[in-house]
Amino acid sequence: MVLLIAAPLLIIAIGVTQSWAYALLALLAFLSMFRNPLRYLWARLRGQKPELPK
C-alpha cells in the first residue's frame, strides 16, 4: 500500500529531475504492476462491490 501511494510522487520526481520520457515509462510500469488493485479501488470509488479473487 505504501508503494501504491508513493509511486505517483516518485514518478513526478523522475519527470522533474530526468525527463518526461522516463516519467512516462515509469507511469506505464506502475499502471501495469498495479492494474488489478487500481481497478478494485476505482470500482469501490464508484460505489460498486467488486469480488476479490479466491
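Modeller: Let's start with how elements are named: helices (H or I, at least four residues) and strands (E, at least two) are DSSP runs, numbered from the N terminus. This is a predicted model, in which local features need pLDDT of at least 70 and side-chain atom pairs count only at pLDDT 80 or more, while totals for chains, interfaces and linings use all residues. Residues are numbered from 1 along each chain as its sequence is written, and side-chain values use heavy atoms, with hydrogens and water left out.

Biologist: Thanks! How many helices and strands does the protein have?

Modeller: There are three helices and zero strands, and from the N terminus on the order reads α-α-α.

Biologist: What does the radius of gyration say about the protein?

Modeller: The radius is taken over C-alpha atoms, and the globule rule is 2.2 Å times the number of residues to the power 0.38. Here the radius is 14 Å, well over the 10 Å that the rule gives for 54 residues, so the protein is more spread out than a compact globule. Along the principal axes, its C-alpha atoms fill a box of roughly 40 × 20 × 15 Å.

Biologist: And how should I read the length of helix α1?

Modeller: The expected span is 1.5 Å times one less than the number of residues. Helix α1 (residues 2–17) has 16 residues and should span 22 Å; its end C-alpha atoms are 22 Å apart, which agrees.

Biologist: Where is the kink in α1 centred?

Modeller: A bend at a residue is the angle between axes fitted to the seven residues ending there and the seven starting there. In α1 the kink is about 25° and is centred on P8.

Biologist: Which residues of α1 are buried?

Modeller: Buried means under 20% relative accessible area, exposed over 50%, and partly exposed in between (1.4 Å probe, protein chains only). In α1, the buried residues are L4, A7 and I11. They pack against α2 (20–33) and α3 (35–45), where contact means heavy atoms within 4.5 Å. Leaving out residues up to four places away in sequence, I11 touches A23, A26, L27 and F30.

Biologist: Which residues form the largest nonpolar core?

Modeller: Such a core is a set of buried Ala, Val, Leu, Ile, Met, Phe, Trp, Tyr and Cys residues joined through side-chain atoms within 4.5 Å. The largest one has six: L4, A7, I11, A23, F30 and F34. Helix α1 gives the largest share, three residues.

Biologist: Is R39 buried or exposed?

Modeller: R39, in helix α3, counts as exposed because its relative accessibility is 56%.
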